[in-house]
Amino acid sequence: MSPLVVGLWILNLLFDSVGQLVFKAAAVDPHLGEGWNRWRQMARRPWIWIGFICYVMEFLLWLAFISLVPLSDGVLLGSISIVIVMLLGRVVFGERLTPLRLLGILLVSLGVAIVGLKG
């Protein structure tokens, strides 16, 4: 892979992962209330807007990335974001990593490594 493709891939993963984390941060506050009021309060939080910005950036980076690699490779390489989000969810929110999830992390990582090594 060219340095441009690797850079786009890494930036895409960064914006996707940060977007997931900040959306979670915006939604987990127990003081948000219920129903429509909850959504209005979330819309006032900066985390939700940071998440939207991250997703717009991720979308643009994804388009650039898949324009340079075969779609099947791009989708497999993009799936590493699942691993990143699970690990960051553990670190930031204390979420559990069960043995089955750890096996999933291993298998996804192995698949991404195989696709990445293909060159």
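**Close-up views of a predicted model**

**View 1. A salt bridge joins Glu95 and Lys24.** The side chains of these two residues meet at 3.1 Å, N to O, in this predicted model. Side chains of opposite charge can pair when their charged atoms come close. Glu95 sits in the loop between H5 and H6, while Lys24 belongs to helix H1, so the pair links distant parts of the chain, 71 residues apart.

**View 2. Helix H3 packs with helix H4.** Here we look at H3 (residues 46-66) and H4 (residues 71-78), whose axes lie 9 Å apart at an angle of about 140°. That angle makes H3 oblique to H4. Which residues make the contact? From H3 come Trp62, Phe65 and Ile66, and from H4 come Leu71, Gly74, Val75, Leu77 and Gly78. Sorted by class, the contact has six nonpolar residues, two polar ones and no charged ones.

View 3. Follow H4 and you will find Asp73, Gly74, Leu77 and Gly78 buried. What covers them? The cover includes helix H1 (3-27), H3, helix H5 (80-93) and helix H6 (99-118). On the face of H4 turned away from the buried side, look for the exposed residues Leu71 and Ser72.

Methods: Residues are numbered from 1 along each chain as its sequence is written. This is a predicted model: local features need pLDDT of at least 70, side-chain atom pairs count only at pLDDT 80 or more; totals for chains, interfaces and linings use all residues. Side-chain values use heavy atoms; hydrogens and water are left out. Axes are lines fitted to C-alpha atoms, for helices over the stretch in contact, and angles run from 0 to 180 degrees between N-to-C directions. Helices (H or I, at least four residues) and strands (E, at least two) are DSSP runs, numbered from the N terminus. Angles under 35 degrees count as roughly parallel, over 145 as roughly antiparallel, 65 to 115 as roughly perpendicular and the rest as oblique. Contact means heavy atoms within 4.5 Å. Ala, Val, Leu, Ile, Met, Phe, Trp, Tyr, Cys and Pro count as nonpolar, Asp, Glu, Lys and Arg as charged, and the others, Gly among them, as polar. Buried means under 20% relative accessible area, exposed over 50%, partly exposed in between (1.4 Å probe, protein chains only). A salt bridge is a side-chain nitrogen of Lys or Arg within 4 Å of a carboxyl oxygen of Asp or Glu.
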